[in-house]
Amino acid sequence: KKIQDENMVATSDLPELTEMQDKLAQADFQKFPPLKEKLIAQVNHMLDKDIADLMAIVPTDFTEPVIRGGAFDDVKDMTSPFGFEKCEGIDLGAGEPDWIVTKERGKWDDIFQSLSPTKGKITGSVAKKEMVKSRLPNPVLAKVWRLADVDQDGMLDADEFALSMHLINIKLDGFDLPDDLPSHLIPPSKKRLFNGNGGGSGSGSGSDRDSY
């Protein structure tokens, strides 16, 4: 628990404690190879830059079939505010004049500034240190990252960071995350990227099963 808190590691990234203790008790630490700082730097560069560049070229034309007819017509009410998950979860803020994320923007901006952004942005490794505090599984945080990195530059500005925190809270509240960012959640500063066509970032591979 102490190591997890000090290093901000998600629970899903840690092995089973008793099993790990048994294996370490049999290990000879004198035979462990030394850390390779150059290799660690290369891995950090891959996490911050290369993976983001790769995700930008992944095809996004996958769409799941929509089930229609019978009882689903009542459940999937898309017109009134009383339909399934309307006005809550990812749909919260749809149709409102102001960006829903601004309601808690002050708190997110304070955290963002504490992460010492460079030229108004933070890298993926810096953002991860804050995001893993949610204790959400890495596959879920991977989806949050792709949805929040609206301009797909591999970094987060203040708007995108606030959006990532909003998406994390939606998941913590028990709602699913979409494969594509709804138009009402696109930061006002990024609307120009979509020319009013809606549908934001995200490579869409199903639900929360992507790697982070």
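Reply: A term to begin with: contact means heavy atoms within 4.5 Å. This is a predicted model, where local features need pLDDT of at least 70, side-chain atom pairs count only at pLDDT 80 or more, and totals for chains, interfaces and linings use all residues. Residues are numbered from 1 along each chain as its sequence is written, and side-chain values use heavy atoms, with hydrogens and water left out.

Me: Among contacts in the protein chain with a separation of 6 or more, what percentage joins residues 24 or more positions apart?
Reply: The count takes contacts in the protein chain with a separation of 6 or more. Residues 24 or more positions apart make up a share of 67%.

Me: In what order do the elements of the protein chain run?
Reply: Helices (H or I, at least four residues) and strands (E, at least two) are DSSP runs, numbered from the N terminus. The protein chain has eight helices and two strands. From the N terminus on, the order is α-α-α-α-α-β-α-α-β-α.

Me: At what angle do helix α5 and helix α8 pack?
Reply: Axes are lines fitted to C-alpha atoms, for helices over the stretch in contact, and angles run from 0 to 180 degrees between N-to-C directions. Helix α5 covers residues 105-114 and helix α8 residues 158-172. Their axes are 9 Å apart, and the angle is about 115°.

Me: Which residues of α8 make the contact with α5?
Reply: From α5 come Arg105, Trp108, Asp109, Ile111 and Phe112. Facing them in α8 are Ala158, Asp159, Phe161, Ala162, Met165 and Asn169.

Me: A search of the whole structure finds one aromatic pair. Why is the pair of Phe112 and Phe161 classed as it is?
Reply: Rings of Phe, Tyr and Trp (its six-membered ring) pair if their centres lie within 6.5 Å; planes under 30 degrees apart count as stacked, over 60 as edge-to-face and the rest as tilted. The ring centres of Phe112 and Phe161 are 5.7 Å apart. Their planes stand at 45°, so the pair is tilted.

Me: How many residues apart in sequence are the parts that this pair ties together?
Reply: Phe112 lies in helix α5 and Phe161 in helix α8. The pair therefore ties together parts whose separation in sequence is 49 residues.

Me: Is Lys190 buried or exposed?
Reply: Buried means under 20% relative accessible area, exposed over 50%, partly exposed in between (1.4 Å probe, protein chains only). Lys190 has a relative accessible area of 5%, so Lys190 is buried.

Me: Which side chain does a polar contact of 2.4 Å join to Lys190?
Reply: A polar contact is a pair of N or O atoms within 3.5 Å; within protein, one must be able to donate a hydrogen and the other to accept it, and residues adjacent in sequence count only if both atoms are side-chain atoms. At 2.4 Å, the partner of Lys190 is Asp157.
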